[in-house]
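This report covers one predicted protein model.

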Amino acid sequence: MIFLLYGPDEYRLVQKLKEIISRYVEKYGSFLVVERIDLFCEQESLFWDNFHQTSLFSQRKVLVVENVFSNLIAKKEFLKKLNELSTAEHIIFFIEKKAIKEKDSFLMALKEKGKVQEFAFLTGKKLEAFAREQVALAGSTISDEALNIILSQTKNNTWLLF
């Protein structure tokens, strides 16, 4: 399974990543290995080494690959090998904490082969609803006045909200 989570709203992106990985951990338990590779500071070969490495004990891996869209050489290589990635037993997350152009060839290919979710900044009623939901998840409530003050101070930065 391949996922692409992208967009400038890092808080919601990271929360979604944690949520999906926790579901796989529940499903596969200790037989699941989670590896992070940041292509901003690490070589793409590290991903392929982890991808092809086999173990006697663990069957599946979760490979979290950050900044692939910032590494043009790696992006081309992943695009070439997308069929191999999409048929693998491993769960692969591509994470990009910025906007991606809609016509990007890798983005379009990922939309066909995997699951893609964008995390744009929330504004207006969507931001209010998100803030109320987070407060409710914490087991509390918030007045309209207090919510408006918090939202005016934090703008649309969800990291600052929670």
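## Confidence

pLDDT is the predictor's confidence in each residue, from 0 to 100. Helices (H or I, at least four residues) and strands (E, at least two) are DSSP runs, numbered from the N terminus. The chain average is 91, and 98% of the residues score at least 70.

This is a predicted model, in which local features need pLDDT of at least 70 and side-chain atom pairs count only at pLDDT 80 or more, while totals for chains, interfaces and linings use all residues. Residues are numbered from 1 along each chain as its sequence is written, and side-chain values use heavy atoms, with hydrogens and water left out.

## Helix α7

L147, L151 and T154 of helix α7 (residues 144–154) are buried (under 20% relative accessible area, 1.4 Å probe, protein chains only). They lie on the same side of α7 because they span an arc of only 75° around the axis, taken from the directions from the helix axis to the C-beta atoms. The cover over these buried residues includes α6 (124–137) and α8 (158–161).

E145 and Q153 are exposed (over 50%) on the face turned away from the buried side. Just after α7, K155 has a positive phi of about 55°.

## Packing of α3 and α5

Helix α3 (residues 72–80) and helix α5 (residues 105–113) have axes that come within 10 Å and cross at roughly 30°. Axes are lines fitted to C-alpha atoms over the stretch in contact, with angles from 0 to 180 degrees between N-to-C directions. K75, F78 and L79 of α3 meet S105, F106 and A109 of α5, contact being heavy atoms within 4.5 Å.
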